[in-house]
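Q: I want to learn how to read a structure from its geometry. Where do we begin?

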Amino acid sequence: MRILFTGGSGKAGRMAIAVLLQKGHRVVNFDLRPLGMPGVTDLAGDVTDPAAVTAALAAGPFEALVHFAAIPRPLAVPDAEMFRVNVLGTEIVLHAAARAGVGKMVIASSESIYGMCYADGTMQPERLPLDETTAVTPMDSYGLSKVANEAVARMVQRQSGADVLCLRMTLVLGPEDYARFPQDFANPAPRRRGSFAYVDGRDLGAALHLALTAQGLGFQILNVAQAESCLPLASADLVRRFFPGVPVTRPLGPTESLVCTARLRRLLGHVDGHSWRDHVAVPR
Amino acid sequence: MRILFTGGSGKAGRHVVAYLVAQGHRVLNFDRVPLGLAGAHDLTGDITDAGQVYSAMRSHAGYDELETGTGAQLFDAVVHFAAVPRHGMMPDTETFRVNVMGTYNVLEAALKMGIRKVIIASSETTYGVCFSDGVVDPKVLPLDEDYDIDPMDSYGMSKKVNEVTAQSFQRRFGADVYALRIGNVVEPHEYATLFPPLADDPGLRRRITFSYIDARDLGQIVDLCLQKDGLGFQIFNAANDTNAVPQPNAELLARFFPNVPLSRPVGDVEGLLSNRKIRAVLGFRQRHDWRDEVPKA
């Protein structure tokens, strides 16, 4: 497919694009900074500039849009600016794509939408594992920007009839990140805010490929995470220790991720190709 | 109370500001154009400029407040009505930008600076019927606040984003933040022209499920919200008790919404944009039934 990819120069984008190229897709990267990856056309531009976005789409036709461009976390820029870039950027990009007749759109949402990630103090989720029907009432402006993005995506799907998918991505990691995993084994507390979940960037790319090639999905929200947590610890113990009192709605596998990806696997047939265990010795 | 009111010069705002001033509140109107109402000072500004919004949160409400010598004080409450008020006035992207960023700025500034009560204007258009492309049915009637709102137009969407923004900031700060899903606002002078044609053609108001809110009764609702504390985040429909058309619901439903299920029995002329919640929670009692406001022929 011919794909316009926004934010392809970021960490998640570059790993996902590498997979899309392997699958034979043609990618144009629309980003403030060039990616510089062989086989990818870089188009410099700002997602909050409607004219630049419209012009980029006119370089098509594109069969699909992938929208990853965003301020990827709070405390990088003032909250109001982060909210502006993420919310207006998504609204501008999706509407422009709809007007250009793009029939498939995939946007980056985030597990931070569940609210624990950047909460002030310790926030408990409504229930575990976190699935796509769990309440999303984050108190921080970054998580809020993702709530707004998903709401806009739902509207654009209703307006245009295109397939519009929101990928609630967990922490995106690559092979170079796994060496530090053992630091967390004895002290997992810092990983609580991410619900002990992660996604390998290569598997994110594989899931994205499936999302782009599946037909007739309408509007969908999909968690994207590895099947297992980032720890060699029993998930039930993690829940007891770090989420006391939170209802657990079904039995958890021994080291099953607390971010449920059943929908991703059922709807798209996604299977993990990677695990941190391939890179790090598991302690006994 | 000392109130910072955004958008007080607009169609709805001007009546609400007048009502609040009449109740004894001190109101500073923050708007791009002055209202010019005696008793409400005008501060000209733009809600999409976060700096101006932050600045306005702590300000004198009039020149007389200079006499106190205590410095500009934080307002007790913010009422936020400023917005592009409907679909089709500006390009969609601009409507979305002004409404979404403006509301974000107002909520962030108010709550980060320590104001504990914010009331924002949402809209009945969030129910997704009003500005939809083509004839769209509501999923269920009457329209209650727990409806799964999914507007397909950028104006309704901007208001949905406003509501989730309000909910998020309320959760962060624990203050009271109430969103009013305001129905079609009718000013006193509009009854004479707007209502008589509805006897022959109620379909004119299908997109707003035949509802209305008297601008002065809207003032009462805002005042009740200002007086009511401790509710956290709330969404309230702001509508009068009955539909704005003379036909009974049995006829309206059969003719205009034949395939829409009812969640409960509705009264003969009960408003399909339900105001049960404001009556039960806030004690709202309407004072301006359209039947009394339309001049007799």
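A: We begin with burial. A residue is buried if 20 or more other C-beta atoms lie within 10 Å of its own. Keep in mind that this is a predicted model.

Q: How many C-beta neighbours does A:Leu171 have inside 10 Å, and how does A:Leu171 count?
A: A:Leu171 has 21 C-beta neighbours inside 10 Å, so it counts as buried.

Q: Where in chain A is A:Leu171 placed?
A: A:Leu171 sits in the loop between β6 (163-169) and β7 (172-173) of chain A.

Q: Which residues does A:Leu171 touch, not counting residues up to four places away in sequence?
A: A:Leu171 touches A:Gly194, A:Ala197 and A:Tyr198. Also look at A:Ala225. It is 54 residues away along the chain, with 8.1 Å between its C-alpha atom and that of A:Leu171.

Q: Turn to chain B. What does its secondary structure come to?
A: Chain B has nine helices and nine strands. Its radius of gyration is 19 Å, close to the 19 Å from the globule rule for 297 residues, so chain B is as compact as a globular protein of that length. Of those 297 residues, 52% count as buried.

Q: What share of contacts in chain B between residues at least 6 apart in sequence join residues at least 24 apart?
A: The share is 75%.

Q: Why is strand β2 (residues 26-31) of chain B described as largely enclosed by the rest of the structure?
A: Count its buried residues. Five of the six residues of β2(B) are buried, so the strand is largely enclosed.

Q: In which sense does β2(B) pair with strand β1 (residues 2-6) of chain B?
A: The two pair in the parallel sense, over five bridges. B:Phe5 stands opposite B:Asn29 in β2(B). From β1(B), the chain crosses through helix α1 (residues 13-22) of chain B to β2(B), and this β-α-β crossover is right-handed.

Q: How many bridges join β2(B) and strand β3 (residues 40-44) of chain B?
A: Five bridges, again with parallel pairing. Here B:Leu28 stands opposite B:His41 in β3(B). As a general idea, side chains in a regular strand alternate between the two faces of the sheet.

Q: How many residues does each chain give to the contact?
A: Chain A gives 24 residues and chain B gives 22. On chain A, α3 (79-99) and α4 (141-160) each supply at least two residues of the side touching chain B. That side of chain A divides into 14 nonpolar, three polar and seven charged residues.

Q: What does the model score in ipTM and pTM?
A: The ipTM is 0.85 and the pTM is 0.92. Chain B averages a pLDDT of 97, and 100% of its residues score at least 70.

How values were computed. Residues numbered from 1 in each chain as written. Chains lettered and ligands numbered in written order. Predicted model: local features only at pLDDT ≥ 70, side-chain atom pairs only at ≥ 80, totals over all residues. Helix = DSSP H or I, 4+ residues; strand = E, 2+ residues; numbered from the N terminus. Rg over C-alpha atoms; globule rule 2.2 N^0.38 Å. Buried ≥ 20, exposed ≤ 12 C-beta atoms within 10 Å, placed from the backbone. Contact = placed C-beta atoms within 7 Å. Nonpolar A, V, L, I, M, F, W, Y, C, P; charged D, E, K, R; others polar. pLDDT = per-residue confidence, 0-100. Pairing = 2+ DSSP bridges. Right-handed = clockwise from strand over helix to strand, strands pointing away.
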